[in-house]
2 protein chains.
Amino acid sequence: MEHAPWSKNGHPVAAYWNMGCPNANAAFAELIRVSRRDMRARCVMQLASERARHVFLPFAGWLVAAKVDPDGARQIVDFVLPGDVFDPATASTAIAAVDVAAVDNVQLAMIPRKAWHGYLETHHAAWALSVRQTAAGYGRMAERMLRLGKSSAETRIAYAICELCLRADPFGLVADRAFHLPLTQQVLGEYVGLSSVHVNRTIRAMARAGVLDYHGQLEVIIHDLAALAAMAQIDPAELRAAIIPSPG
Amino acid sequence: MEHAPWSKNGHPVAAYWNMGCPNANAAFAELIRVSRRDMRARCVMQLASERARHVFLPFAGWLVAAKVDPDGARQIVDFVLPGDVFDPATASTAIAAVDVAAVDNVQLAMIPRKAWHGYLETHHAAWALSVRQTAAGYGRMAERMLRLGKSSAETRIAYAICELCLRADPFGLVADRAFHLPLTQQVLGEYVGLSSVHVNRTIRAMARAGVLDYHGQLEVIIHDLAALAAMAQIDPAELRAAIIPSPG
DNA sequence: CGGCAGTTTGATGCCCGTCAATAGTGGTGG
DNA sequence: CCACCACTATTGACGGGCATCAAACTGCCG
């Protein structure tokens with residue numbers, strides 16, 4: 001089988017996005033092909049409160065949706081992972097709600113919003129995908145707000161690790177498996193609302209307690225999944241159902 | 001003009017939701033008429049992680065979307081106000097991400113999700129409304145997460161007041177106008193992630209500083225809008241564009 | 001080797017949660 | 001009308017968790 005120009009390592013885009021309709025898939029592949037880009041780590045692709053021009057579909061590497069407050073502190077609102085579809089638009093749909101930037105080196109499609117919405121209107125089958133993606137994003141934010149509001153640093157970090165391992169790895173959240181999260185402790189802190197110093201203390205304590213191991217820029221191995229889930233106040237299977245868009 | 005059975009005080013539902021298409025409006029009015037309900041304050045209509053059966057459209061009174069953590073503390077994820085359309089579904093679309101409950105006495109339509117999605121498929125014009133509502137909800141949650149993560153109690157509360165006054169009052173965020181927010185300080189605390197005691201201290205300090213007045217269950221009058229906006233770290237016009245669904 | 005970005009650890013202080021007690025406020029029944 | 005109750009608001013005292021400042025330590029790359 002020949003590799004399409006928008007495939008990577010023999011891993012075609014179709015493995016991430018499937019509309020369940022040949023016509024829709026073909027038109028989608030063409031959209032992707034035309035708007036394919038490469039971005040280096042830290043590259044900013046969209047600024048909040050500027051005109052929202054694109055919908056973002058990464059297929060290698062992570063993006064962040066973030067906001068910066070007047071003091072310069074950054075709060076990460078959500079990560080955008082390969083297979084996601086992210087539209088940064090707000091209520092007045094021309095304006096972006098958040099900054100969008102690359103976490104590490106990223107390969108993605110930046111589809112102009114007009115073209116994307118035209119595609120959705122033409123290809124009814126793609127609506128289901130869009131709706132699932134939106135619902136998954138909402139579920140993630142609801143879970144995360146619960147922890148941002150009232151939980152301890154330990155709960156927030158345990159939850160973030162569970163969420164990101166679930167999303168990053170098709171095998172799900174299992175023990176004794178290495179997960180790679182392309183994050184510094186600083187970035188993880190911006191996600192969970194903690195200083196990088198306190199992220200370090202907390203994750204270090206978890207490692208000393210034997211719950212997990214990590215090294216470098218967050219190569220994580222979970223040893224005691226039950227303990228981690230308890231800290232995060234989740235049930236792995238239930239969380240998966242709530243935040244991972246179902247392929248169906 | 002005769003009042004339709006689903007109108008209230010001569011204030012027809014059409015003032016809240018307009019699909020911009022007579023057919024779609026007529027079918028919508030019928031949906032509303034059939035699924036109209038009254039609910040008393042504190043009544044719970046949906047539990048998180050149970051099957052999501054309805055889409056909620058209040059036209060008098062407020063709803064909350066909330067989650068309860070294992071210790072019994074409640075985090076309010078969003079308020080649902082008259083004119084909103086709220087679908088509590090998650091990524092596996094049959095399950096609800098959040099509890100839905102009435103804040104005060106509420107008149108609303110609870111449309112079965114199947115009927116609602118059938119309606120959206122039949123009446124293309126209504127998609128735009130649905131998309132705007134979703135985008136507005138996303139914008140609100142992004143703004144709120146920014147404050148939940150890193151901001152002081154003063155900023156969180158000032159922001160919550162700005163957001164809710166904007167959403168609750170068609171005249172927008174203006175000085176020396178009385179806004180009624182049907183919330184106790186306890187509930188406001190569950191929204192911004194603070195204890196009711198600290199909500200009291202903070203809002204009291206704001207009143208003493210002459211920024212606003214309030215009494216009873218949050219009848220608020222803003223005296224110094226500029227100071228309040230500075231505390232909330234917002235620009236009123238910009239915030240409005242980000243979180244209020246545009247009528248167009 | 002030096003430089004830089006990230007990690008690790010210690011010391012200090014403040015914001016906000018918790019506990020506790022008092023004072024309103026509205027609703028209900030006598 | 002008043003007594004009584006539940007609920008909410010208000011204020012004080014105290015303690016802990018996390019931010020902040022600062023200083024080594026690590027690993028990586030040129």
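**Notebook: chain and domain contacts**

I started with the contact between the chains, which takes 45 residues from chain A and 46 residues from chain B. I noted that the model is predicted.

Next I looked up the area. Chain A and chain B bury about 3,900 Å² between them. Carbon and sulfur atoms give 70% of that.

I then went through the charges. I found two salt bridges between chain A and chain B. I looked at the pair B:Lys67 and A:Glu143, whose side chains meet in a salt bridge at 2.8 Å, N to O. For polar contact I have six residue pairs between chain A and chain B, both residues at pLDDT 80 or more.

Which elements of chain A supply at least two residues each to the side that touches chain B? I list strand E4 (63–68), strand E5 (74–80), helix H3 (125–150), helix H5 (185–192) and H8. H3(A) gives the largest share of that side, 15 residues. By class, I sorted the side of chain A that touches chain B into 23 nonpolar, twelve polar and ten charged residues.

**Inside chain A**

I turned to the domains. The assignment for chain A gives domain 1 (13–123) and domain 2 (150–243). Their C-alpha centres lie 25 Å apart. Eleven residues from domain 1 of chain A and twelve residues from domain 2 of chain A take part in the contact.

Domain 1 and domain 2 of chain A bury about 1,000 Å² between them, 63% of it on carbon and sulfur atoms. Which three residues supply more of domain 1's buried area than any other three? I noted A:Trp62, A:Arg74 and A:Phe79, with 48% of the area that domain 1 of chain A buries against domain 2.

The rule finds three salt bridges across this domain interface. I also checked A:Asp84 and A:Arg167: their side chains meet in a salt bridge at 2.8 Å, N to O. Seven residue pairs are in polar contact between domain 1 and domain 2 of chain A, both residues at pLDDT 80 or more. The side of domain 1 that touches domain 2 has six nonpolar, one polar and four charged residues.

**Positive phi**

A:Leu218 is not a glycine, yet its phi is positive, near 60°. I placed A:Leu218 in the loop between strand E9 (212–215) and strand E10 (219–222) of chain A.

A:Gln233, also not a glycine, has a positive phi of about 60°. A:Gln233 lies in the loop between helix H7 (225–232) and helix H8 (236–243) of chain A.

Is each one buried or partly exposed? A:Leu218 has a relative accessible area of 2%, so I count it as buried. A:Gln233 has 26%, so I count it as partly exposed.

Key:
Residues numbered from 1 in each chain as written. Chains lettered and ligands numbered in written order. Heavy atoms only, no water. Domains from an automatic or database assignment. Contact = heavy atoms within 4.5 Å. Buried area = accessible area lost by both parts, 1.4 Å probe. Salt bridge = Lys/Arg side-chain N within 4 Å of Asp/Glu carboxyl O. Polar contact = N/O pair within 3.5 Å; in protein donor to acceptor, adjacent residues only side chain to side chain. Nonpolar A, V, L, I, M, F, W, Y, C, P; charged D, E, K, R; others polar. Helix = DSSP H or I, 4+ residues; strand = E, 2+ residues; numbered from the N terminus. Buried < 20%, exposed > 50% of the residue type's maximum accessible area, 1.4 Å probe, protein only.
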